[in-house]
Amino acid sequence: MASENGCGLCKISVNNIGVKKGSDVILSDVSFHLHCGELTAVIGVNGAGKTTLVKSILGEIQHQGSVGFESHDGERLNKITIGYVPQRLDFDRSAPVSVEDFLLVGRTSSPVCFMRNKKVSAQLDEALEAVGCLDLKKRKLGELSGGELQRVMLVNALYPLPELLILDEPVSGVDAQGSEKFYEAILNLKHNYHMAIAMVSHDLEIVREYADKVILINKTVLKSGPAKEVFESDEFKKVFFTVPEKGAFV
Amino acid sequence: MSVIYSVLGNVLPFHWADYKFMINALLAVLLIAPLMGVLGTMAVNNKMAFFSDALGHSAFTGIALGVLLGIKNEIISLVAFGVLVALIITRVKNKGNSSSDTVISVFSSTSIAIGLLVLSYGGSFSKYSTYLVGDILSITKKELLYLLITFVAVLIVWSFIYNKLLVITVNRELAASRGIKTALYENIFVIMVAVVVMISIKWVGILLINSLLILPAAAARNIAKNSRQYMSLSVAISLVSAVSGLLISFYEDTSAGATIVTVSAIIFFVTYILRKK
């Protein structure tokens, strides 16, 4: 497994993850490492088990194997903060909830409809500014475009500041400009906070441009390593070019 | 109380303020209306209008149970049964095996039927018919005190759970991923709704209680853009319709509950037209 170039401050090791649904094997024996300061992309065809893998790491579904966290001096950590940007947030778009309301509820325990803490509010402004969406603060959550909503979800995932950030198909159905802004914000996070970032993606162009490492899965890990290496591998060609109708170029 | 009567009697130079029952009724709606306005916001957000309707109907069985068990103060059996029904419906709904409106409808009709069956035994239902439309003018000082205690308790609990409920409203999975115990907070919320509905039902009436909970919040939701506007508009609409409805009913000699609901329905339709698409 591609742990030999582990130079990051901390390490998230995924060990022998397996998930079964009835008698169907969704994932088996999936192992890899994620490092701080690196963006790792998980790619694979539809039904390869990408989202199941994310849910296993988040601890939302039962699975075999383990997910371990290590600090930079090799110490085992029981729990780390994980930020999660879901694939598509399903919510009632007519709800009278503003971006500010939505983001403040995670940051303060006083009811957001009455009390506003100036300090918390200033922190929120800063966080919004960092991903370039301070102008969205007063907007209704349901009125946002796909890209705007994803950036708001990113702000949400970044409090409390996570050690691992997981993005599940973060910008599917978002226009090019929105997508670019989103990844700019991600790159900033990687550089400024040395965060470990795992991203599930269909978009191989995006992966090629932004990912440091790539893990190709289809129920298990087929190939992993630096992006270029994976893209040039036989496994990659086999998955994405022999069965194009199931591939990602749609 | 006598201080309140004399103060209000002097401050309000109106004919109706000369009557103690009107002052009591006014104090009662000043307590019930804001509670309904506050709880209604989340009930509407979580699409629970039908749920609270069923809850109101279950009052029939609540009263019947009190009669069968020989409980003198029917509020006790009402509240206990209301809380039970609320928790059961929520649980069955979250199991997700059958459609939630079917589940709620089954509970609603069953509790109406059982309640009517018991209360009409021996042909004595007319005794309980005031529960259908309620009688706010009959509220006593002691009952006002119960209301005040409920008012304070609900607002305290509310301020603690509001943020959690708001996240759950947006998306349950997201709330769960943030470590919020969604089932716990949902249960606390339905218990609060059950208590408030059951305590108020004697004065508002089984047929109208749900409108009092749902209409102000639904009207506020038409025009509110954020949670602060939503909450304050809902409470304001609730208060305006309750007070004006009560006074109109005094001068026009109509049912107080029905008049209050009619005023809030009018406000709803106005905001519906005003809403931004």
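**Strands, helices and the contact between chains**

Modeller: In chain A, strand E9 (residues 213-218) and strand E10 (residues 220-226) run antiparallel and are joined by six bridges. Please bear in mind throughout that this is a predicted model.

Colleague: In the open sheet of six strands in chain A, what is the order of the strands?

Modeller: The pairing in this sheet is mixed. The edge strands, each pairing on one side only, are strand E6 (82-85) and E10 of chain A. From one strand to the next, the twist averages 15°. The order is E6-E7-E8-E3-E9-E10.

Colleague: Which strands stand at the edges of the open sheet of four strands in chain A, and why is one side of each left without a neighbour?

Modeller: The four strands have the order E2-E1-E4-E5 (chain A), with antiparallel pairing. Each edge strand has a single partner strand, so one of its sides has no neighbour in the sheet. The edge strands are E2 and strand E5 (76-77) of chain A.

Colleague: Which residue in E2(A) stands opposite A:Lys11?

Modeller: Strand E1 (residues 11-21) of chain A pairs with strand E2 (residues 24-35) of chain A in the antiparallel sense over eight bridges. Their hairpin has two residues between the strands, and A:Gly22 in this hairpin takes a positive phi near 65°. Opposite A:Lys11 stands A:His35.

Colleague: In E5(A), which residue is the bridge partner of A:Phe69?

Modeller: Strand E4 (residues 64-70) of chain A and E5(A) run antiparallel and are joined by two bridges. The bridge partner of A:Phe69 is A:Leu77.

Colleague: Is A:Leu204 buried, partly exposed or exposed?

Modeller: A:Leu204 lies in helix H6 (residues 204-210) of chain A. A residue is buried if 20 or more other C-beta atoms lie within 10 Å of its own, and exposed if 12 or fewer do. A:Leu204 has 19 other C-beta atoms within 10 Å, so A:Leu204 is partly exposed.

Colleague: Are H2(B) and H12(B) roughly parallel or roughly antiparallel?

Modeller: Helix H2 (residues 20-45) of chain B and helix H12 (residues 227-252) of chain B pack with their axes 8 Å apart, at an angle of about 150°. Angles over 145 degrees count as roughly antiparallel. Therefore H2(B) and H12(B) are roughly antiparallel.

Colleague: How many charged residues does the contact of H4(B) with H6(B) have?

Modeller: The axes of helix H4 (residues 59-69) of chain B and helix H6 (residues 100-119) of chain B come within 7 Å and cross at roughly 35°. The crossing is left-handed. Among the residues that make the contact are B:Phe60 and B:Ile63 of H4(B) and B:Ile112 and B:Leu116 of H6(B). By class, the contact has ten nonpolar residues, three polar and, as for charged residues, none.

Colleague: Which helix of chain A gives the most to the side of chain A that touches chain B?

Modeller: The contact takes 20 residues from chain A and 21 residues from chain B. The side of chain A that touches chain B has 13 nonpolar, three polar and four charged residues. With three residues, the element that gives the most to this side is helix H2 (residues 99-104) of chain A.

Terms used:
Residues are numbered from 1 along each chain as its sequence is written. Chains are lettered from A and ligands numbered from 1 in the order in which they are written. This is a predicted model: local features need pLDDT of at least 70, side-chain atom pairs count only at pLDDT 80 or more; totals for chains, interfaces and linings use all residues. Two residues are in contact if their C-beta atoms, placed from the backbone, lie within 7 Å. Ala, Val, Leu, Ile, Met, Phe, Trp, Tyr, Cys and Pro count as nonpolar, Asp, Glu, Lys and Arg as charged, and the others, Gly among them, as polar. Two strands pair if DSSP finds at least two bridges between them. Axes are lines fitted to C-alpha atoms, for helices over the stretch in contact, and angles run from 0 to 180 degrees between N-to-C directions. Angles under 35 degrees count as roughly parallel, over 145 as roughly antiparallel, 65 to 115 as roughly perpendicular and the rest as oblique. A crossing is left-handed if the near helix is turned anticlockwise from the far one by less than a right angle, and right-handed if clockwise.
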